[in-house]
Amino acid sequence: MLCQECNNREATVHLTQIVNNEKMVISLCKECAAKKGFHSPLDNVPFPLSEILSGLIQQSFPQSKEAMPELECPGCGLTFEGFIRHGRFGCGECYKAFRPRLEVIMRKIHGSSLHKGKLPTSGTDRMLPIKEEERLENELQKAIEGEEFERAADLRDKLTALKGHR
């Protein structure tokens with residue numbers, strides 16, 4: 001997308017303003033944004049992630065540069081070496097482009113390259129997978145509270161059978 005001000009350079013700064021429920025988006029190049037007084041709060045701030053990444057990369061890939069071809073993001077043109085220097089991706093495509101090398105780094109940092117976080121506990125509109133035993137216990141409690149004693153007896157028997165198979 002071209003800058004809406006000069007129509008010459010690629011827009012890299014995207015400003016969104018909402019006034020009276022009206023959304024206005026302005027896309028500017030870095031130069032035009034600077035002329036209007038807009039700049040990134042992270043400009044000229046040291047970013048230690050690049051130093052951490054450089055160290056991890058050198059540990060993970062001690063081979064020479066000839067043995068490891070340079071990766072480049074097809075979306076923004078950022079090279080993997082550029083990512084290491086700056087510690088930031090250029091676009092969302094960088095995750096896919098650099099994935100083979102990022103997996104090695106993620107394993108070093110997190111012990112795994114797959115996210116295995118917790119499931120959300122709020123929100124009743126979504127059924128979350130839970131263990132059969134917990135499900136039966138919850139149903140049993142509801143049946144007792146609702147004075148559905150025949151159903152409660154059936155659920156109790158199912159729970160007893162389930163616990164007996166372990």
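Me: How many aromatic pairs does the count come to?

Reply: This is a predicted model. Rings are taken to pair if their centres lie within 6.5 Å. By this rule, the number of aromatic pairs is six.

Me: Is the pair of Phe80 and Phe83 stacked, edge-to-face or tilted?

Reply: The ring centres of Phe80 and Phe83 are 5.7 Å apart. Planes under 30 degrees apart would count as stacked and those over 60 as edge-to-face. The planes of Phe80 and Phe83 stand at 45°, so the pair is tilted.

Me: What separates Phe80 and Phe83 in helix H3?

Reply: Both Phe80 and Phe83 are buried. Helix H3 covers residues 80-86, and the two residues are three apart in it. Their separation is therefore about one helical turn.

Me: How many disulfides does the structure hold?

Reply: A disulfide requires two cysteine sulfur atoms within 2.5 Å. The closest cysteine sulfur to that of Cys6 belongs to Cys3 and is 3.8 Å away, which is too far for a bond. Cys32 is in no disulfide either, since the nearest cysteine sulfur, in Cys29, lies at 3.5 Å. The number of disulfides is zero.

Me: Is Cys32 buried or exposed?

Reply: The relative accessible area of Cys32 is 3%. A residue under 20% counts as buried. Cys32 is therefore buried.

Me: How far apart are the end C-alpha atoms of helix H6?

Reply: Helix H6 runs over residues 132-145 and has 14 residues. At 1.5 Å a residue, H6 should span 20 Å. The computed separation of its end C-alpha atoms agrees, at 20 Å.

Me: Where do the buried residues of H6 fall, seen down its axis?

Reply: The buried residues of H6 include Glu133, Leu136, Leu140 and Ala143. Seen down the axis, the buried residues lie within an arc of 90°, so they line one face of the helix. Lys142 and Glu145 are exposed on the other side of H6, whereas the cover over the buried residues includes helix H7.

Me: Which residue in the turn between E1 and E2 has a positive phi?

Reply: Strands E1 (residues 13-19) and E2 (residues 22-28) pair in the antiparallel sense over seven bridges, with Leu15 opposite Ile26. The two strands form a hairpin with two residues between them. The turn residue with a positive phi, about 50°, is Asn20.

Conventions: Residues are numbered from 1 along each chain as its sequence is written. This is a predicted model: local features need pLDDT of at least 70, side-chain atom pairs count only at pLDDT 80 or more; totals for chains, interfaces and linings use all residues. Side-chain values use heavy atoms; hydrogens and water are left out. Buried means under 20% relative accessible area, exposed over 50%, partly exposed in between (1.4 Å probe, protein chains only). Helices (H or I, at least four residues) and strands (E, at least two) are DSSP runs, numbered from the N terminus. The expected span of a helix is 1.5 Å times one less than its number of residues. The arc is that of the directions from the helix axis to the C-beta atoms. Contact means heavy atoms within 4.5 Å. Two strands pair if DSSP finds at least two bridges between them.
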